[in-house]
Amino acid sequence: MEKKDKIVEVDINSEFCKGCSFCVDSCSKDCLIMGDAINSTGYTYPVFVNQEDCIGCGACSFLCPEIAIEVYEVIH
Amino acid sequence: MGEKKRKLISGRPKCLLPAGTPLCAGCQHGIGARIIGEVVDELGIVGNTIGIGGVGCHAMSMFLMNIDFVQALHGRAPAVGTGVKRGTDGKAIVFSIQGDGDLAAIGIGDLINATVRGEKLTTIFFNNCGYGTTGGQMAPTTLVGQVTTTTPSGRRPGAGGYPIHVAELMAGLSGVAYSARCAVNTLAQYKRAKKAVQTAFQKQIDGIGYGFVEILSACPPLLKMRPTQAREWFEKHMLAEYPLGEFKNLDELKIEYQVDA
């Protein structure tokens, strides 16, 4: 496996989320899963897992209808 | 070890306020608002832009944007935009956000007459195949056979007519410089939609002509489906009826004098 030099962090604003799971479907590397926790408006929201697999394409962020996801690249 | 530095790959555009949308779960109008926000940010026209909101769910995105907005009557957004554009001596960048009940039903005459007058505006048209705000009645863009509250056995052409293809209609009008239809269901389509909106704004900034972009999206409450099911329905039925793509893209409107003066 090639060396991975890009570390990506995904911030999910759980209070804006309405649990449509478009971000989970859009992720080609299965880095997002729907969690069991419930936010203040009663929706479940996704959690970011498998950080080492994330390529930082930003699809989850661009396709979020609530604009609740931000993708960052960590600079060393 | 100080605080780690992070570079933003994708996040909330600057001209969108940090607030949640008032839209339903799975409604893709929020993505449309995001596209407009990103384009306005990238073109650097935040302080010079005035938006015209129609009546409907699509207009809720005006509460998200940190841009001046005028609320128009139902379907009259191009007419109000004409007034704003002429009142500011053509200096303001004016765009309208309209839905299919707003633009395609009551407002189609206003839209067509705005292009006939040769106005240089931009219209972003959200098509979700029905009236979402008022509870899911049939709109002119409703698909043949689609069940709504006013067509409980499906839209029948004998009584309900046929769906209207506004992007193709606009491509046939002389005053239109850009007409495209986009979707926002995948990342590739998102990028095409963003480019289309950017081009539609650029046609206005360059003073070429009317820019029109139709963005398709599914309405889960209207279809009485979960968001992911609604998106599958959208990919299966709506994309079959409404082909995506650019229908018109002119760098210059040709003016031919039919009568020699």
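Q: Let's start in chain B. Which handedness does the β-α-β unit of strand 6, helix 7 and strand 7 have?
A: One caveat before that: this is a predicted model. The unit made by strand 6, helix 7 and strand 7 of chain B is right-handed.

Q: And how do strand 6 and strand 7 of chain B pair, parallel or antiparallel?
A: Parallel, over 7 bridges, with strand 6 covering residues 176–183 of chain B. Two of the pairs in there: Val176(B) has Tyr210(B) as its bridge partner, and Cys182(B) has Ile215(B).

Q: What else does strand 7 of chain B pair with, and over how many bridges?
A: Strand 5 of chain B, residues 122–127, runs parallel to strand 7 and is joined to it by 6 bridges. In that pairing, Thr123(B) has Phe212(B) as its bridge partner.

Q: Why is strand 7 of chain B described as largely enclosed?
A: Because 7 of the 7 residues in strand 7 of chain B, which spans 210–216, are buried, so the rest of the structure largely encloses it.

Q: Which side chains point which way there?
A: Tyr210(B), Phe212(B), Glu214(B) and Leu216(B) point one way from strand 7 of chain B. Gly211(B), Val213(B) and Ile215(B) point the other way, and all of these residues are buried. Note that Glu214(B) is among the buried ones.

Q: How many residues of strand 6 of chain B are buried?
A: 8 of its 8, so to speak "mostly covered".

Q: Switching topic: the two chains. How many residues of chain B are in contact with chain A?
A: 24 residues of chain B, and they touch 27 residues of chain A. On the chain B side, strand 1, helix 1 (29–43), helix 7 (187–205) and helix 9 (227–241) each supply at least two residues.

Q: Which element gives the most on that side?
A: Strand 1 of chain B, with 6 residues.

Q: And how do the chain B residues that touch chain A divide by type?
A: 10 are nonpolar, 8 polar and 6 charged.

Q: Back to strand 1 of chain B. Which strand of chain A is it joined to?
A: Strand 4 of chain A, through 5 bridges, with the two running antiparallel. One pair to look at is Val71(A), which stands opposite Ser10(B) in strand 1 of chain B.

Q: What sheet does that make, and in what order do the strands come?
A: An open sheet of 3 strands, in the order 1(A)-4(A)-1(B), with antiparallel pairing. Its edge strands are strand 1 (7–12) of chain A and strand 1 (5–10) of chain B, each pairing on one side only. From one strand to the next, the twist averages 35°.

Q: How many bridges are there between the two chain A strands?
A: 6 bridges, between strand 1 and strand 4 (residues 69–75) of chain A, in the antiparallel sense. There, Ile12(A) stands opposite Ile69(A) in strand 4 of chain A.

Q: OK, helices now. At what angle do helix 2 and helix 4 of chain B pack?
A: About 35°, with the axes 7 Å apart; helix 2 is residues 77–87 of chain B and helix 4 is residues 108–116.

Q: Which residues meet there?
A: From helix 2 of chain B, Pro78(B), Ala79(B) and Thr82(B); from helix 4 of chain B, Asp110(B), Leu111(B) and Ala114(B). That contact divides into 4 nonpolar residues, 1 polar and 1 charged.

Q: Which residues of helix 2 of chain B are buried?
A: Ala77(B), Pro78(B), Ala79(B), Val80(B), Gly81(B), Thr82(B) and Lys85(B). What covers them includes strand 2 (49–53), strand 3 (68–71), strand 4 (93–99), helix 4 and strand 5 of chain B.

Q: What happens just after helix 2 of chain B?
A: Asp89(B) takes a positive phi there, of about 60°.

Q: Last one: Ala104(B), buried or exposed?
A: Buried, with 24 other C-beta atoms within 10 Å. Ala104(B) is in helix 3 (residues 100–106) of chain B.

Q: What does Ala104(B) touch, leaving out residues up to four places away in sequence?
A: Ala139(B), Pro140(B), Thr141(B), Ile164(B) and Val166(B). Ala139(B) is 35 residues away from Ala104(B) in sequence, and their C-alpha atoms are 8.0 Å apart.

Methods: Residues are numbered from 1 along each chain as its sequence is written. Chains are lettered from A and ligands numbered from 1 in the order in which they are written. This is a predicted model: local features need pLDDT of at least 70, side-chain atom pairs count only at pLDDT 80 or more; totals for chains, interfaces and linings use all residues. Two strands pair if DSSP finds at least two bridges between them. Helices (H or I, at least four residues) and strands (E, at least two) are DSSP runs, numbered from the N terminus. Axes are lines fitted to C-alpha atoms, for helices over the stretch in contact, and angles run from 0 to 180 degrees between N-to-C directions. Two residues are in contact if their C-beta atoms, placed from the backbone, lie within 7 Å. Ala, Val, Leu, Ile, Met, Phe, Trp, Tyr, Cys and Pro count as nonpolar, Asp, Glu, Lys and Arg as charged, and the others, Gly among them, as polar. A residue is buried if 20 or more other C-beta atoms lie within 10 Å of its own, exposed if 12 or fewer, and partly exposed in between; C-beta atoms are placed from the backbone. A crossover is right-handed if, with the strands pointing away from the viewer, the path from the first strand over the helix to the second runs clockwise.
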